[in-house]
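Please keep the structure in view while reading.

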Amino acid sequence: MSAAALPIARARRIALAAQGFADPAPTGAVTRRHLQRVLGRIRFLQMDSVNIVVRAHYMPLFSRLGPYDPALLDRAAADSTVRAPRMLAEYWAHEAALIPVEDWPLFGWRMDDYRYGRYGNPVTESADRTALRVEIARVLAERGPTTGGELEELLGRRRDQPRRGSWWDRSEVKHACEVMLAAGDLSAIRRGNFARHYDLASNIVGPDLANTAIDRDVAVRELVRRSIGALGIATETDLRDYYRLPVADARRAVAELVDAGEVTPVTVAGWDRTAYLDPGARTPRRVTASALLAPFDPLVFFRPRLHRLFDMHYRIEIYVPEPQRVHGYYVFPYLLDEEIPARVDLKTDRSAGVLRVLGAFSEDGVDRDHVATRLAADLRSMAQWLGMDGVVIGGTDSGGRGDLAGHLTRALR
């Protein structure tokens with residue numbers, strides 16, 4: 001292990017570069033090549049159903065590339081042509097995520113673990129459920145991408161239709177689809193109002209990838225390699241969390257990569273545990289970037305790492321009762337150069353055509369006027385990208401909360 005601890009400032013620059021924040025900005029329209037570059041950095045796009053601002057999987061590209069056409073991402077995940085084959089498929093990575101199609105076989109061990117669903121086991125798999133899976137696969141083989149509701153119709157399980165004896169009820173169809181997705185029998189395409197259109201995995205990633213088997217230890221080791229590449233410098237828990245790997249599997253993989261010289265144990269000033277450095281990681285002299293970060297952005301989604309790197313205590317307060325929220329419902333940390341000096345509670349008010357800043361809060365010891373000036377420009381850019389007419393501080397019947405709201409109001413003027 002290195003005798004001298006790496007300064008935290010250097011660890012931040014390594015981490016930011018690994019996540020793509022030191023890459024050059026596109027000089028023209030964002031293209032498929034730019035999308036591939038970002039995916040080469042962060043490896044997947046986490047998904048979430050909350051749409052109070054924008055769906056989570058769209059935001060990391062904006063944070064790293066600036067305004068782009070969301071249809072570019074939609075096509076990469078939904079369409080497949082000879083000139084532009086499908087790039088992404090839905091599966092469980094950190095959570096539900098769009099992963100590169102070529103990574104599908106790396107999750108075969110997880111599909112085996114989830115053969116009866118993420119929380120199931122053979123004991124809970126009834127004969128009716130097994131038969132239902134067969135029927136769902138038959139319908140999808142005939143029709144291709146189909147929603148759970150459409151499958152209910154096709155299987156005669158509409159709520160206003162009589163039950164066929166003791167056969168499955170309406171909720172069983174959706175549940176069976178989720179079990180089959182976790183098991184890798186299905187993947188899904190998102191269309192319309194974020195609805196999953198299920199299809200056979202072999203139709204989405206191709207039969208070769210769908211049928212490729214990779215040994216569990218080999219696959220986990222490769223996922224740890226991807227984690228260290230995406231993080232640059234990380235503790236064992238950081239590496240494990242990136243793909244939510246089992247503890248024993250991840251620890252064994254890290255030890256094997258250390259023995260092979262593929263990762264280097266180091267110490268980082270202020271960290272209370274060993275860190276691991278990607279030997280190929282870049283260390284820029286400085287990082288000059290600014291970005292609004294969705295709560296599920298891979299730079300911030302593991303809160304202990306966020307605190308270790310940037311000294312920010314952050315939690316998502318969606319499930320906290322409103323009177324008890326400290327910062328707001330859907331709060332975006334704000335990256336400015338090599339720090340995260342602020343956070344903003346945002347809402348896309350589509351009826352009014354504005355991006356609302358319900359709250360704006362600074363971290364201790366920052367230059368609020370400077371932060372507000374830069375943040376105002378990024379909020380304007382985000383509002384335009386979202387198709388809004390502008391940025392408004394506060395809700396429809398209240399002003400903006402937080403110590404940065406007044407500074408931001410002046411900056412927006």
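In this predicted model, Met382 is in contact with Val53, Met59, Phe62, Leu292, Phe332, Leu346 and Leu355, leaving aside its neighbours within four places in sequence. The points below place this residue in its surroundings and then turn to a helix pair and the overall chain.

**Nonpolar cores**
- The largest nonpolar core has 111 residues, and those that touch the most other members are Ile136, Phe332, Met382 and Leu408.
- Helix 15, spanning residues 368–385, gives the most to this core, contributing 8 residues.
- Another core lies apart from it and consists of 26 residues, including Trp271, Val287, Met312 and Val331.

**A pair of helices**
- Helix 1 (residues 8–18) and helix 11 (residues 216–231) have axes that come within 6 Å and cross at roughly 115°.
- These two helices, helix 1 and helix 11, are therefore roughly perpendicular to each other.
- Helix 1 makes the contact through Ile14, Ala15 and Ala18, and helix 11 through Gly229, Ala230 and Leu231.
- The residues of this contact comprise 5 nonpolar, 1 polar and no charged.

**The whole chain**
- The protein chain contains 16 helices and 14 strands.
- Its radius of gyration is 23 Å, close to the 22 Å that the globule rule gives for 413 residues, so the chain is as compact as a globular protein of that length.
- Along the principal axes, the C-alpha atoms fill a box of roughly 70 × 60 × 45 Å.
- Of the 413 residues, 54% count as buried.
- Among contacts with a separation of 6 or more, 64% are between residues 24 or more positions apart.

Conventions
Residues are numbered from 1 along each chain as its sequence is written. This is a predicted model: local features need pLDDT of at least 70, side-chain atom pairs count only at pLDDT 80 or more; totals for chains, interfaces and linings use all residues. Side-chain values use heavy atoms; hydrogens and water are left out. Axes are lines fitted to C-alpha atoms, for helices over the stretch in contact, and angles run from 0 to 180 degrees between N-to-C directions. Helices (H or I, at least four residues) and strands (E, at least two) are DSSP runs, numbered from the N terminus. Angles under 35 degrees count as roughly parallel, over 145 as roughly antiparallel, 65 to 115 as roughly perpendicular and the rest as oblique. Contact means heavy atoms within 4.5 Å. Ala, Val, Leu, Ile, Met, Phe, Trp, Tyr, Cys and Pro count as nonpolar, Asp, Glu, Lys and Arg as charged, and the others, Gly among them, as polar. A nonpolar core is a set of buried Ala, Val, Leu, Ile, Met, Phe, Trp, Tyr and Cys residues joined through side-chain atoms within 4.5 Å. Buried means under 20% relative accessible area, exposed over 50%, partly exposed in between (1.4 Å probe, protein chains only). The radius of gyration is taken over C-alpha atoms; the globule rule is 2.2 Å times the number of residues to the power 0.38.
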